[in-house]
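Here are my notes on the model, as numbered points. Please read them with the structure open.

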Amino acid sequence: MLRHEYAELNGIRIHYVIAGAGELVMFVHGFPEFWYAWKDQLLEFGRDYQAVAPDMRGYNLSEKPAGVDQYQVKFLCEDLRGLAEHLGHKRFVLVGHDWGGAVAWAFALSYPEYLEKLVIINAPHPAVFERELRENPAQQKASEYMLMFRSPEAEQILSANQYDFLYKGVLSEGIKNGYFTEEDCKAYLEAWSQPGALTGGLNYYRAAHIGPPTAEGGPAKGKFVADLSEVTVKVQTLVIWGEKDPYLLTGNLEGLEELVPDLTIKRISDGSHWVVHEKPALINNLIRAFIRN
């Protein structure tokens with residue numbers, strides 16, 4: 001049911017996985033994942049939609065341009081727009097988690113006319129994140145990892161001992177609690193091991209200069225979109241938030257309705273940053289109900 005295909009988009013070869021036919025629902029992964037993060041959603045929504053999940057540029061089987069500036073959010077948005085048009089769609093539903101959610105917010109701000117609806121899972125609106133990184137010490141502390149991810153040592157730290165840092169951060173709880181299998185772990189390890197893939201993912205942080213204030217006195221930066229003048233989202237939006245996210249705190253929901261007039265928030269009290277994997281059936285039901293409304 002799942003088909004692996006490639007498209008040349010904006011001079012970049014993008015790998016994507018697709019299922020079904022009909023209206024387009026695009027699922028966009030974050031760091032350090034790849035299309036596989038959405039395998040349950042592709043199977044579910046591929047029954048009555050055209051469901052697609054790309055490997056974002058820099059990840060897994062997609063091309064990995066060398067320059068850090070090639071990972072600016074504006075280019076990531078163009079990749080999504082190009083993929084939708086490649087598949088023959090001028091309007092679609094966009095679903096994003098983590099960095100995929102950050103790009104989805106930016107896409108909604110840049111190209112609202114392309115979106116039927118927007119679904120965000122544990123990813124902050126750029127203006128809200130800017131505020132939280134500037135004013136909320138708890139979010140500053142929770143985001144300190146971003147400074148390490150931007151450092152020249154990041155690749156070595158994350159890949160040491162067979163990617164132990166990433167295994168502990170993404171997979172270990174899932175193995176312990178039964179929502180990740182050894183097969184899943186093998187798939188992630190293979191994706192992380194693709195030549196250049198770790199640098200590609202880390203370059204999202206480097207290109208956006210995103211993170212809390214630095215020890216040297218550098219300012220916080222949460223607006224991951226360069227030259228963002230418009231911050232009001234003009235698309236009907238569902239935000240799903242696992243409240244036990246240790247990286248992106250619930251302060252990112254405060255005041256969000258002022259920036260997203262047509263907003264629905266679904267808080268999942270026992271969900272973490274990885275709520276898509278922890279509760280796939282719930283996530284599918286929330287998305288499906290929202291799309292159908």
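1. Across which strands does helix H12 lie, and at what angle does H12 run to E7? Helix H12 (residues 280–292) lies across E3, E5, E6, E7 and E8. Its direction is at about 165° to E7. Axes are lines fitted to C-alpha atoms, for helices over the stretch in contact, and angles run from 0 to 180 degrees between N-to-C directions. Helices (H or I, at least four residues) and strands (E, at least two) are DSSP runs, numbered from the N terminus.

2. A word on the source. This is a predicted model: local features need pLDDT of at least 70, side-chain atom pairs count only at pLDDT 80 or more, and totals for chains, interfaces and linings use all residues. Residues are numbered from 1 along each chain as its sequence is written, and side-chain values use heavy atoms, with hydrogens and water left out.

3. The sheet is open and has eight strands, in the order E1-E2-E4-E3-E5-E6-E7-E8, with mixed pairing. Strand E1 (3–9) and strand E8 (263–268) are its edges, each pairing on one side only. Pairing requires at least two DSSP bridges between two strands. Neighbouring strands are turned by 20° against each other on average, direction ignored.

4. Strand E7 (residues 237–242) and E8 run parallel, joined by six bridges. Isoleucine 240 stands opposite lysine 266 in E8.

5. H3 also packs on the sheet, touching strand E3 (24–28), strand E5 (92–97), strand E6 (115–121) and E7. Contact means heavy atoms within 4.5 Å. The direction of H3 makes about 140° with that of E5.

6. (Buried is under 20% relative accessible area, exposed over 50%, partly exposed in between; 1.4 Å probe, protein chains only.) Leaving out residues up to four places away in sequence, asparagine 284 touches Asp40, Gln41, Glu44 and Phe45.

7. Helix H9 (residues 197–208) has eleven of its twelve residues buried, so it is largely enclosed by the rest of the structure. Among the buried ones are Leu202, Asn203, Tyr204, Tyr205 and Arg206. Their cover includes helix H2 (73–86), helix H3 (99–110), helix H6 (144–150), helix H7 (154–177) and helix H8 (182–192).

8. The length of H9 checks out. At 1.5 Å times one less than its number of residues, H9 should span 16 Å, and its end C-alpha atoms are 18 Å apart, which agrees. Histidine 209 follows H9, with a positive phi near 50°.

9. Cysteine 77 is buried at 3% relative accessibility. Cysteine 185 is buried too, at 9%.
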